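Hello,

Here is the structure you will be taking over. Please open it first, then read my notes below.

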Amino acid sequence: MTARAILTWPDPRLSHLCDPVTDLAALHDLAADMFDTMYTAQGRGLAAPQVGVMQRVFVMDVTWKEGVKSPVTMVNPVIEWASDQVATGPEGCLSIPGITADVTRPTQVRMRWSDLAGDTHIEVLTGFAAICAQHELDHLNGIVTFDRVSPDMRAVLEQEYAR
């Protein structure tokens, strides 16, 4: 397929709530393009709004950099449960290149989503998979990394990004 251009902050589309997917058939080419885009950009996750498509779908592959691909497409994903245990760690974003921020997130989440065939999946994600899924779901809700840090840290990161 084709790698697409990745929108960068402060593109206003990155701050909008995405619409639910109603036509799965139309997603096959989009998902393939999103994987090509993500792999080309050396990312581990990519949400549709990052390529200008305002629908609730993201792709992720948290293991490919270790040599084993495990691509997942999540359509209309929902976090059904999140652990009380949280961890703070560095997160980067393909839409805010060059910036890494420490973000606090639950260490486990139970996700429900549909795949491209319309089958429903429910899975407890842990570790980096949980962090990645939460990050990409944020994009579907119009939330970027800057929205997950304190106002003071956001000001510092925005200044760094502007350079």
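**What I found**

Start with Pro10, which lies in the segment before helix 1 (27-40). Helices here are DSSP runs of H or I with at least four residues, strands are DSSP runs of E with at least two, and both are numbered from the N terminus. A cis peptide bond joins Trp9 and Pro10. Its omega is about 15°.

Two points on how to read all this. The model is predicted: local features need pLDDT of at least 70, side-chain atom pairs count only at pLDDT 80 or more, and totals for chains, interfaces and linings use all residues. Residues are numbered from 1 along each chain as its sequence is written, and side-chain values use heavy atoms, with hydrogens and water left out.

**The chain as a whole**

The chain has three helices and seven strands. Their order from the N terminus is α-β-β-β-β-β-β-β-α-α. The radius of gyration is 15 Å, close to the 15 Å that the globule rule gives for 163 residues, so the chain is as compact as a globular protein of that length. That radius is taken over C-alpha atoms, and the rule is 2.2 Å times the number of residues to the power 0.38. The C-alpha atoms fill a box of roughly 45 × 35 × 35 Å along the principal axes.

Of the 163 residues, 43% count as buried. Buried means under 20% relative accessible area, exposed means over 50%, and partly exposed is in between (1.4 Å probe, protein chains only). The accessible surface comes to about 8100 Å². Carbon and sulfur atoms hold 52% of that surface. The areas come from the Shrake-Rupley method with a 1.4 Å probe, and for residues only the protein chains shown count as cover.

Now contacts, meaning heavy atoms within 4.5 Å. Take those between residues at least 6 apart in sequence: 61% of them join residues at least 24 apart.

The chain carries 12 positive and 21 negative side chains. The centres of the two sets lie 2 Å apart. Lys and Arg count as positive, Asp and Glu as negative, while His and the chain ends are not counted. Each charge is placed at NZ of Lys, CZ of Arg, CG of Asp or CD of Glu.

**The cores**

In soluble globular proteins, nonpolar side chains tend to be buried together. A nonpolar core here is a set of buried Ala, Val, Leu, Ile, Met, Phe, Trp, Tyr and Cys residues joined through side-chain atoms within 4.5 Å.

The largest such core has 16 residues. Those with the most contacts inside it are Phe58, Met60, Met74, Met111, Leu125, Ala133 and Leu140. Strand 2 (57-60), strand 6 (108-114) and helix 2 (127-140) each supply at least two of its residues. Helix 2 gives the most, with six.

Met60 is worth a click. Leaving aside neighbours within four places in sequence, its contacts include Phe35, Met38, Val72, Met74, Leu125 and Ala133. Arg44, Ser70 and Pro71 are also among them.

There is a second, separate core of 14 residues. Met34, Leu46, Ala48 and Val51 are among its members.

**Single residues to look at**

- Gln42 sits in the loop between helix 1 and strand 1 (45-47). Its phi is near 65°, a positive value in a residue other than glycine. Gln42 is partly exposed, at 48% relative accessible area.
- Asn76 lies in strand 3 (residues 72-82). Asn76 is not a glycine either, yet its phi is positive, at about 50°. Its relative accessibility is 26%, which counts as partly exposed.
- Trp81 is also in strand 3. Trp81 is partly exposed, at 35%. Beyond four places in sequence, Trp81 is in contact with Gln108, Val109 and Arg110.
- His28 is in helix 1. At 41% relative accessibility, His28 is partly exposed. Its C-alpha atom is 9.9 Å from that of Thr73, 45 residues apart along the chain.

Last, is Gly142 buried or exposed? It is buried, at 10% relative accessibility. Gly142 lies in the loop between helix 2 and helix 3 (151-162). Not counting residues up to four places away, Gly142 touches Leu14, Ser15, His16, Leu17 and Asp147.
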